[in-house]
Amino acid sequence: METSFHMSLPCLSVKDTQDFYINNIGASAGRTSENWVDINLFGHQITFIKAEKFNFNNPNYVFEGKILPSFHFGVIVDVDNWKKIYTKLTKQALEVVTKTTFLKEKTGEHLSFFIKDTNDYMLEFKSFKEPKDMFLA
């Protein structure tokens, strides 16, 4: 049995957030109301709840010489879906950040890119060369 995760995050606009995830990322909406929306992100439930202006301290970190956002979330997909998503987002002239291969020729090698959503959250898409290596050191 596969296990899905649920995450709840504040958003500034339910409509703009829903539009971004459906029309840009290709996700689908689940239950929705005036103050929140459930987004189906590759089988995982992210609930965005309308909130007042919020502020996260977003320190960055360096991994393999790349500056990456420490506050981010993401999804892991197979390489074909990763390429489709990357192509779709770049064709929409959205700013894709840090497209690279991490841990090249090492355990855990993976493709990665980040994109910022309408709430300034960084969303990462990963594809492991060997999916079985996802949690190996």
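**Entry 1: hairpin**

I looked up Val62 and found Ile67 as its bridge partner in β6. The model is predicted, so I kept its limits in view: local features need pLDDT of at least 70, side-chain atom pairs count only at pLDDT 80 or more, and totals for chains, interfaces and linings use all residues. Residues are numbered from 1 along each chain as its sequence is written, and side-chain values use heavy atoms, with hydrogens and water left out.

Strands β5 (residues 60–63) and β6 (residues 66–69) pair antiparallel over 4 bridges; pairing requires at least two DSSP bridges between two strands. Strands are DSSP runs of E with at least two residues, helices are runs of H or I with at least four residues, and both are numbered from the N terminus. The hairpin has 2 residues between β5 and β6, and Glu64 in the turn has a positive phi of about 50°.

**Entry 2: sheet and helices**

I then traced an open sheet of 4 strands, in the order β7-β10-β9-β8 with mixed pairing. Its edge strands, β7 (72–76) and β8 (96–102), each pair on one side only. β8 and β9 run antiparallel and are joined by 5 bridges; Thr100 has Ser112 in β9 as its bridge partner.

Helix α1 (residues 14–25) lies across β7, β9 and β10, at about 30° to β10. Helix α2 (residues 79–91) lies across β8, β9 and β10, at about 30° to β9. Angles run from 0 to 180 degrees between N-to-C directions of axes, which are lines fitted to C-alpha atoms, for helices over the stretch in contact. Contact means heavy atoms within 4.5 Å.

**Entry 3: Asn119**

I placed Asn119 in the loop between β9 (110–116) and β10 (122–128). Is Asn119 buried or exposed? Asn119 is buried, with a relative accessible area of 6%; the cut-offs are under 20% for buried, over 50% for exposed and partly exposed in between, with a 1.4 Å probe and protein chains only.

A polar atom of the Asn119 side chain lies 3.0 Å from the backbone nitrogen of Leu12. The side chains of Asn119 and Thr17 make a polar contact of 2.9 Å. Such a contact is a pair of N or O atoms within 3.5 Å; within protein, one must be able to donate a hydrogen and the other to accept it, and residues adjacent in sequence count only if both atoms are side-chain atoms. Leaving aside neighbours within four places in sequence, the contacts of Asn119 include Pro10, Cys11, Ser13, Phe48 and Phe54.
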